[in-house]
Amino acid sequence: DITNASPEQFAAQLQNSFPFHFAIRDLYARFRENPGFQQTRGLIRLMRTVVASLWQSGRAKQQSLIHAHDLDLNDRDTLIEIQQINGTLDNAISHDIASAGSSVAETLDANLKSGNDAQDTSRLLLVASLANVPNATLGLSLQEIVSLLCQPGRDIARLPKDILGVLATRAWYLHSSRDGKLFFKNV
């Protein structure tokens with residue numbers, strides 16, 4: 001009852017988008033209109049950086065899909081690509097998401113011994129927050145977050161209370177919209 005995703009629909013979408021998670025297309029489409037972002041070239045550069053980081057770190061051998069949250073924001077090249085999409089979220093990244101082990105999400109994962117749940121959640125919310133045009137769709141609901149973070153071996157029942165509950169109180173730049181969607185802002 002945490003998500004309303006249908007297993008059959010989920011499987012069909014994964015088959016159509018493999019080796020990428022199907023959410024990448026929808027989440028990346030949110031910031032395609034950002035000023036100065038070259039839609040096709042920018043996406044190719046970002047995905048090249050993400051895939052290179054996965055291979056260089058050895059994480060590619062452990063994963064069956066490339067997810068929207070597979071951004072290594074402690075990697076200089078990845079951070080530069082994200083800054084070119086929306087440079088206003090630098091403070092949110094450094095305080096809340098990734099700062100060589102001292103950000104809110106990194107500290108939460110270390111304290112809870114939860115793997116990368118807080119970091120994956122934060123990076124996913126960052127991708128959903130990169131649009132910076134008027135009337136852009138920002139953020140994700142709890143059901144969307146849980147659905148997009150589902151993977152074998154991950155205890156998604158912990159996400160609402162242990163991860164999102166704590167992030168909501170400790171992350172300075174995490175906000176909630178009127179309809180309950182979580183997103184990062186520059187203030």
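Okay, so buried here means under 20% relative accessible area, exposed means over 50%, and partly exposed is in between, with a 1.4 Å probe and protein chains only. Keep in mind this is a predicted model, where local features need pLDDT of at least 70 and side-chain atom pairs count only at pLDDT 80 or more, while totals for chains, interfaces and linings use all residues. Residues are numbered from 1 along each chain as its sequence is written, and side-chain values use heavy atoms, leaving out hydrogens and water.

Today's topic is salt bridges. I'm calling it one when a side-chain nitrogen of Lys or Arg sits within 4 Å of a carboxyl oxygen of Asp or Glu. That rule gives seven of them.

Let's start at Asp120. Its bridge to Arg123 has the closest N and O atoms 2.3 Å apart. Both residues lie in helix 7, residues 117-127, three residues apart, so about one turn of the helix. Helices, by the way, are DSSP runs of H or I with at least four residues, numbered from the N terminus. Asp120 and Arg123 are both buried.

Asp120 also has a salt bridge to Arg154, at 2.4 Å from N to O. This pair links distant parts of the chain, 34 residues apart: Arg154 is in the loop between helix 8 (142-149) and helix 9 (159-170). Asp120 counts as buried because its relative accessibility is 7%, and Arg154 does too because its value is 14%.

Now over to Asp162 and Arg158, bridged at 3.7 Å, N to O. Asp162 is partly exposed because its relative accessible area is 29%, and Arg158 is partly exposed because its own is 21%.

Key:
Helix = DSSP H or I, 4+ residues; strand = E, 2+ residues; numbered from the N terminus.
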